[in-house]
Amino acid sequence: MNVMITGAAGGLGRAFADECGSRGYNLFLTDINDDGLQCIKRGLERQFNITVVTKACDLTNAESVDNMLDFIDRHEIRFDMLLNVAGLDYEGDFIGRERENLVKIVLLNNAATLRITHAVLKRRIPGRNFTIVFVSSLASMFPMPLKATYAASKRFLLDFATSLRQELKDENVNVLTLCPGGMVTTQAAMSGIRAQGFWGNATTSPLETVARNTIDRALAGKSVYVPGKLNQALAFLGKVIPRSWVAAVVYWRWKEVSGRGLIS
Amino acid sequence: MKTVVITGASSGIGLEISRLLARKGFNVLGVGRSEANCRRAEEMILSGNANAKFTCYVADLMQQREVVKVADETLSYLDGNCNGELHALINNAGCVRSWYMTTEEGYEQQFALNHLAGFLLTYKLLPALKKARGRVIMTGSQSHKGIRIHWNDVMLRRRYNPLTAYKQSKLCNILFAKGLNDRYASAGIRAYVVDPGLVNTDIGNKETGALVNFIWSLRKRHGVSPEIPAKTYAFLCEQEPTPEGLYYYLCKEKSYSRQVTAENANRLFGLSERLCGIHYGEVQSL
């Protein structure tokens, strides 16, 4: 099994790399951080008997992606699975953000994800099943004031993935969308979760379990995975409560959290 | 003047060991994770005693490249100032994590810091330890008892639990010390583990979740001052002839887990060598 993981040098991407490594899958890892890629490659090769290939790439830069694709074609690497993890978020009110940072969210979370998904779908191993995972977010289930761009970019992934799944059903491709709540991926994520108090903890899922279950479900042909019972309930509420009400509640809540000065 | 290296020296038990050993006339090289805490530790120790020798290097020992970096810095200092001799290495830095979190290499953080960091640092400083027939001391814990190493999932990726990860890492400390003695006692190096007891430090409050944070805040109130365990470390650094035990509490030998066998120690050595990309010497038959 050959798996490409984007955003593989940190957080969830690294957890996916570990999980796939423990299953004996061969890995093609990309990230903008080359030092991080070298570290995780070393760690994986020391733990598991697998082949790990890394290539640093700025997915928002078409030329950088073309270079990576040339590299892939030169080495005749073909794939069975793509895990679209690379993504970013700048939290806060829309007009208070830097303009280019806001655009960057959409460039990476959406445009770059489309670019890489299209390219890797063209580089499948003929005659074999193919699996794509999009890392969306629980935020995709709601309009989220103060995380407006991020939540909308994740909604894009959820809707896009649902449609793509239908298009590719006859080609033995399964598409799964992962919509997690909080996960403790970095020291900063941990402070963010602590700042949210009870709800932060309650909506947080263990990273290693999410990584394992996501791969299991994607291989079993599932379409959407929301980790955690409470998160599933929240996702359900997001579907039945009028969206303007949800927006009001979310606004009140995030304002309170950021009012404590713990997240900016 | 005898030189010692102490990791986790900028707070808690490590800070008290540094203070005590500096007062006793050792040249103390500390390692701490935060620049601010390192400078504060230097000021605390040096301001209390004009003759004290204490320098604190900044390194996040969870990351292997930082271990290597600080080891190289230390070695070049030892070569330049101490005739290349290191009298003692105290692998004290440790952490608790509420969740499964990984290092740059994808290693679970408690295992990476509490065990692998010391394993790698000791390897790098071995030439200087050999030269001084030095001692290696690990900060262990009574909690190493009642657990086995999860050989099939040492990073606990399948079922992570903060306490299990902590206990296992502390068992690793003793197995590492035993493995070191099996390999290097004949070369004059001795390794020990200190049980500091329950000590009032902030280990459970640093980057942990609400539950661990809360429990530790209650529990540490019953802990002793870090000055108490510091005496045991000083005892193991100074005592002549070289103490022959493995596990010490309040300057006395103490019994340890039955899991501490040569077989487990060798197995852990093999695994840790692979995870660090290094190779220690073979076990010496005595």
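Helices (H or I, at least four residues) and strands (E, at least two) are DSSP runs here, numbered from the N terminus. This is a predicted model, so local features need pLDDT of at least 70 and side-chain atom pairs count only at pLDDT 80 or more, while totals for chains, interfaces and linings use all residues. Residues are numbered from 1 along each chain as its sequence is written, chains are lettered from A in the order in which they are written, and side-chain values use heavy atoms, with hydrogens and water left out.

Let's start with chain B, which has eight helices and eight strands. Its radius of gyration (over C-alpha atoms) is 17 Å, close to the 19 Å from the globule rule for 286 residues, so chain B is as compact as a globular protein of that length; the rule itself is 2.2 Å times the number of residues to the power 0.38. Buried residues (under 20% relative accessible area, with exposed over 50%, partly exposed in between, 1.4 Å probe, protein chains only) make up 59% of the 286 residues in chain B.

Now for some charged pairs. A salt bridge puts a side-chain nitrogen of Lys or Arg within 4 Å of a carboxyl oxygen of Asp or Glu, and the structure holds 23 of them over all chains. In helix α1 (residues 12–23) of chain B, Glu16(B) and Arg19(B) sit three residues apart, about one turn of the helix, and they form a salt bridge with the closest N and O atoms 3.0 Å apart. Glu16(B) counts as buried at 12% relative accessibility, whereas Arg19(B), at 25%, counts as partly exposed.

Glu238(B) and Lys24(B) also pair up, at 3.4 Å from N to O.

What about the interface? Contact means heavy atoms within 4.5 Å, and 23 residues of chain A are in contact with 27 residues of chain B. The area buried between the two chains (accessible area lost on being put together, 1.4 Å probe, summed over both) is about 2,300 Å², with carbon and sulfur atoms giving 48%. On the chain A side, Arg46(A), Arg194(A) and Glu208(A) lose the most area to chain B, together 28% of what that side buries.

The rule finds three salt bridges across this interface. Arg42(A) and Glu105(B) meet in a salt bridge at 3.9 Å, N to O.
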